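Dear colleague,

I am passing on a structure that you have not seen before, and I would be grateful if you could look through it alongside the notes that follow. The findings come after the display.

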Amino acid sequence: MSKMMNRLKTAFLYVIHINYLKYAVVMVLGVLIVGFIGDNSIFAHMKNKRRISELQEEIDFHMANYQRDQAKIRELEANPKAMERIARERYFMKTKDEDIFVLSDDNK
């Protein structure tokens with residue numbers, strides 16, 4: 001164990017005495033710290049990219065729903081028969097000479 005410690009100590013002292021190697025070690029350590037630790041790390045960037053793609057999919061989904069709803073609104077504004085059809089189907093509204101029968105297949 002002490003033999004290995006002596007080798008590490010010798011290597012460390014050797015690195016300290018070479019000027020350009022000191023700068024290279026500091027630069028490598030700096031890049032590693034900045035690249036892998038903190039808010040601007042590589043992992044944070046990958047997580048943010050994944051989140052952006054998820055949000056873009058959500059935006060596309062809601063845009064499709066918005067376009068569909070806008071088309072329905074335009075149809076209702078242009079065609080009074082469409083409004084009457086929706087009132088009859090969804091809200092069971094009727095004219096004076098009609099009877100409405102609601103059939104249910106609930107098993108109670």
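Helix α2 is the element that gives the most to the nonpolar patch, to which it contributes seven residues. Please keep in mind while reading that this is a predicted model.

Turning to how the helices pack, helix α1, which spans residues 2-17, and helix α2, which spans residues 19-36, have axes that come within 5 Å of each other and cross at roughly 105°. Since angles of 65 to 115 degrees count as roughly perpendicular, α1 and α2 are therefore described as roughly perpendicular to each other. On the side of α1 the contact is made by Val15, Ile16 and His17, while α2 supplies Asn19, Leu21, Lys22 and Val25. Sorted by class, the residues of this contact are four nonpolar, two polar and one charged.

A second pair is formed by helix α3, residues 42-78, and helix α4, residues 80-91, which pack at an angle of about 110° with their axes 5 Å apart. That angle makes α3 roughly perpendicular to α4. Here Glu75, Leu76 and Ala78 in α3 meet Pro80, Ala82, Met83, Arg85 and Ile86 in α4, and the contact has six nonpolar residues, no polar ones and two charged ones.

Finally, the structure holds three salt bridges. In one of them, the side chains of Glu54 and Arg51 meet with a distance of 3.8 Å from N to O. Because Glu54 and Arg51 are three residues apart in helix α3, about one helical turn separates them.

With best wishes

Note on methods
Residues numbered from 1 in each chain as written. Predicted model: local features only at pLDDT ≥ 70, side-chain atom pairs only at ≥ 80, totals over all residues. Heavy atoms only, no water. Axes fitted to C-alpha atoms, helices over the stretch in contact; angles between N-to-C directions. Helix = DSSP H or I, 4+ residues; strand = E, 2+ residues; numbered from the N terminus. Parallel < 35°, antiparallel > 145°, perpendicular 65-115°, else oblique. Contact = heavy atoms within 4.5 Å. Nonpolar A, V, L, I, M, F, W, Y, C, P; charged D, E, K, R; others polar. Salt bridge = Lys/Arg side-chain N within 4 Å of Asp/Glu carboxyl O.
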